[in-house]
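User: I have a model open and want to go through its helix packing. Can you walk me through it?
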Amino acid sequence: MNRKNFFGQYQYSNSILHSLDPRVKILSIFYIIVFLFFVKSLWGYLILLAFVIILVLLSKVNFASAIRSLKPILYLLIFTVVFQIFFTPGNVVFSFHFIKITKEGLNLAIYIAIRLMLLSFFTFILTSTTSSIELSDGFQAIISPLKIIHFPSEDVALMISISLQFVPILFEEADRIMKAQMSRGADFNSGGIVNRAKSFLPLILPLLLNAFNRADQLAIAMEARGFVVGGKRTPYRAMRIKVKDCIFILSTLAVTLFSLFRWTII
Amino acid sequence: MLEIRNVSVIYDPKTIFKKEALINVSLKIGYGELISIVGKIGSGKSTLIQLFNGLIKPDQGNVFLNGIDINEGNMLRKEIIKKIGIVFQYPEEQFFAETVFDEIAFGPRNLGQNDVKVKESVLYSLETMGFNVSEIIERSPFHLSGGEKRRIAIASVLAMRPDVIVLDEPAAGMDYEGKMSIVTQVRKQIEKGMTVVFVTHDMDEAFYLSDRLIALDKGYVVFDGPSKDFFQNEPLVNKIGLEIPFTISFRKKLLKCFPDIPFSKDIDSLIEFLSVRLSH
């Protein structure tokens, strides 16, 4: 029996991708995601797709879970593709009554679908190979220069860190409450949209109340251990850029530039 | 009535998180039994009780309710929960309704009972759990004391009038008074002939309340029999990391001076024996 994994949940492994500096991973993946919007050739996308497949293999994470990471965006993907196919003007390749499919619409739909899938895959690589602690440490290090302009980078990083750590707890709690309400006859899977939405009230309400209680307890526990907002803190886990991080940065740059290079030639 | 046959549950197979929660477990639960399920954390207790009403499906084996496999699809979910009621740990954390009435009525309404029947079920369960109905029925469940909340949570499952009630750590996190109040109410259910299954870490509670005991260790059933026999098998109790109940260890110490001291589940009767003996 498989326990429910939510999108991008960290998967423990000793792969090279897991051991990379979180700052490098965050910035590289962010760079690739932004870059995705500048690629406009199928060739470029194929290179990036090959790159993400290599990364999944290197990360030793479950390949099926990488495919499953598309599930949350499946409806968005279908909606976007259908919208582009039927509503993009251009050279008509097929028509039936008022329905017109254009060459430009088909091209755009394919590009957008691949772009969304790649976006999901690259995000999956980041979140499945980086623990929540590493993510928050990395994020804190990245935004720390903003302290110069009095941006509370440490507090923001702490908020993100706590939120990330609460995600699996909330999922477990939701599962526990769901099972308890199902034992009292609650049915979360049948009925129309309105009935389904109503049936989730016995799940959402206790979940929210418990989350607020937990937040209260956490705040008290932190204050009891001397936490002060805006206090000066030193990191316990020191981060250092190593050779493998440089190789990862260089390969990311090479792959993205290569895909762009071919696009300008074609 | 309820039969678990050769059941195995493995969480996350083929991953590094693989955990064999239950391994080839077989047991039968009949009408009017009073059973404790004991074991250390991670021994498979919670997984086992979730099998009882089909909340999880076994990877291997079958779960039969009155001879029908509950995971085969022929049995309606409502039919199952009507017969097997489960009260999970810290059940008060699952409250959502504005009043005690609505909170308890949630189960009976889901079973499709009409308003008259729902009211009847709510009143029955509140009375059973020892509440003054008119005092509590319109109050918010969130504003009750810890012990009252726990009893309301148990009442919300009792309102569905199940044949079997499974209580997962019913007195966890409660003070002595609250614990005793729960224990007293549960004993009343037993007297009414309902099958009660306790999941507990508290060996005193397990010994005092149950006739039959099922001990789990690392997913295996290592003992299934009279609770008295289990606690007299000290090597086994120690091996699976559990404690001997106070009543038994107290009696054992007294045996040196009073070899004829009777075996008792109740500490009061031991004290009474002592007082009679010492007064002579």
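Analyst: One term before we start. A crossing is left-handed if the near helix is turned anticlockwise from the far one by less than a right angle, and right-handed if clockwise. Also, this is a predicted model.

User: OK. Which hand is the crossing of α2(A) and α5(A)?
Analyst: Left-handed. The axes of α2(A), residues 42-59, and α5(A) come within 10 Å and cross at roughly 25°. That makes α2(A) roughly parallel to α5(A), because angles under 35 degrees count as roughly parallel.

User: Which residues of α2(A) make the contact?
Analyst: Tyr45(A), Leu48(A), Leu49(A), Val52(A), Leu55(A), Val56(A) and Ser59(A). Among their partners on α5(A) are Ile114(A), Phe121(A) and Phe122(A). By class, this contact has eleven nonpolar, three polar and no charged residues.

User: And how do α1(A) and α5(A) pack, at what angle?
Analyst: At about 180°, with the axes 10 Å apart. Here α1(A) covers residues 22-36 and α5(A) covers 103-129. So α1(A) is roughly antiparallel to α5(A).

User: Which residues meet there?
Analyst: From α1(A), Lys25(A), Ile26(A), Ile29(A), Ile32(A), Ile33(A) and Leu36(A). The α5(A) side includes Arg115(A), Leu119(A) and Phe122(A). The classes are ten nonpolar, one polar and two charged.

User: Switching topic. How many residues of chain B are in contact with chain A?
Analyst: 28 residues of chain B, against 20 of chain A. On the chain B side, the elements giving two or more residues are β1, α2, β6, α3 and α6.

User: How do the chain B residues divide by class?
Analyst: That side has 15 nonpolar, eight polar and five charged residues.

Definitions and conventions. Residues are numbered from 1 along each chain as its sequence is written. Chains are lettered from A and ligands numbered from 1 in the order in which they are written. This is a predicted model: local features need pLDDT of at least 70, side-chain atom pairs count only at pLDDT 80 or more; totals for chains, interfaces and linings use all residues. Axes are lines fitted to C-alpha atoms, for helices over the stretch in contact, and angles run from 0 to 180 degrees between N-to-C directions. Helices (H or I, at least four residues) and strands (E, at least two) are DSSP runs, numbered from the N terminus. Angles under 35 degrees count as roughly parallel, over 145 as roughly antiparallel, 65 to 115 as roughly perpendicular and the rest as oblique. Two residues are in contact if their C-beta atoms, placed from the backbone, lie within 7 Å. Ala, Val, Leu, Ile, Met, Phe, Trp, Tyr, Cys and Pro count as nonpolar, Asp, Glu, Lys and Arg as charged, and the others, Gly among them, as polar.
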